[in-house]
Amino acid sequence: MKKLIKLTLAVVLTVSATSLFAQKFGRINMQELIAVMPETQEMQNNLQTYLKDLQEQSETLQVELNNKITEFYKERDNMSEGVRNVREQELQDMQNRLREFNSWAEQDIQRKQAEMLEPIINKAQEAVNKIAKAGGYVGVFDSSLPSLAYVDETALTDIQPAVRAELGIAADAKPIMPQAQ
C-alpha cells in the first residue's frame, strides 16, 4: 500500500512539475504598442488643438494685463493716492488670476490627456487579452514596466506582432513622437 501511495505521489509531482514548465508566458511593450496606435496620433492632434486654445486665452489675458499696466503707469502721476492704491490692487488681482488660469490650464491638459488616453489603453489591453487567451498564455509581462528583478526575455514569447495585427497596425509602423509644444 505504501508503494502505491509513493508511486501515486511521484506521478502527481511529475505531472504537476511538467505542467508548470509547459505553461506559456509572453511579453509585450505596452508603451510602444500605444505609441503606434492611430488613435494616439488623433489624441495628440486633439490635445494640441486644446493646448493652443488655452495658450491663446492665456495670451489674451496677458495682453489685457500689459495694457492695464501701461495705462496705469501713464496715468499714475495724475491719480490720487486712494485711486492709485485701488488700481495697483486691481493689477495684482489680474496677475493672480493669470497665474491661477495658467496653473489650472496645466492641470486641465494633464486631466484631458488622461481622459483621452484611457480608451486607447483599454483597446490595447483588450487586444492583448484576446491574443493571450487565444495563444494559451498563462501570463504576459509588460516589458515597458520592468517589475521583476530578473526575467529571461528569451523564455518569453513576444506577442507584440500578433497584437499589432489584431489592432490593424502595420508591422513596420513607427511610434508616434509627441509634437513640440
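Here is a chat about the fold and packing of this predicted model.

Student: Before we dig in, what should I keep in mind about the model?
Tutor: It is predicted, so local features need pLDDT of at least 70, side-chain atom pairs count only at pLDDT 80 or more, and totals for chains, interfaces and linings use all residues. Residues are numbered from 1 along each chain as its sequence is written, and side-chain values use heavy atoms, with hydrogens and water left out.

Student: How many bridges join β1 to β2?
Tutor: Five. Two bridges join β1 (residues 24-28) to β3.

Student: Which residues stand opposite G26?
Tutor: In β2, G26 faces V140, and in β3 its bridge partner is T157. R27 stands opposite D158 in β3.

Student: Switching topic: at what angle do α3 and α4 pack?
Tutor: Helix α3 (residues 38-75) packs with α4 at about 180 degrees, and their axes are 10 Å apart. That makes α3 roughly antiparallel to α4; on this scale, angles under 35 degrees count as roughly parallel, over 145 as roughly antiparallel, 65 to 115 as roughly perpendicular and the rest as oblique.

Student: What kinds of residues make up that contact?
Tutor: It divides into 19 nonpolar, eight polar and 12 charged residues. Ala, Val, Leu, Ile, Met, Phe, Trp, Tyr, Cys and Pro count as nonpolar, Asp, Glu, Lys and Arg as charged, and the others, Gly among them, as polar.

Student: Now α5. Which of its residues are buried?
Tutor: In α5 (residues 160-167), Q160, V163, R164 and L167 are buried. Buried means under 20% relative accessible area, exposed over 50%, and partly exposed in between, with a 1.4 Å probe and protein chains only.

Student: Why do they line one face of the helix?
Tutor: Because, seen down the axis of α5, the buried residues fall within an arc of 105 degrees. The arc is that of the directions from the helix axis to the C-beta atoms. On the other side of α5, P161 and A165 are exposed.

Student: What covers the buried residues?
Tutor: The cover includes β1, α2 (30-36), α4 and β3.

Student: Let's zoom in on A127, then. Is that one buried or exposed?
Tutor: A127 is in helix α4 and counts as buried, at 4% relative accessibility. Leaving aside neighbours within four places in sequence, A127 is in contact (heavy atoms within 4.5 Å) with V163, E166 and L167.

Student: How far apart are A127 and L167?
Tutor: They are 40 residues apart in sequence and 6.9 Å apart in space, C-alpha to C-alpha.

Definitions and conventions:
Two strands pair if DSSP finds at least two bridges between them. Helices (H or I, at least four residues) and strands (E, at least two) are DSSP runs, numbered from the N terminus. Axes are lines fitted to C-alpha atoms, for helices over the stretch in contact, and angles run from 0 to 180 degrees between N-to-C directions.
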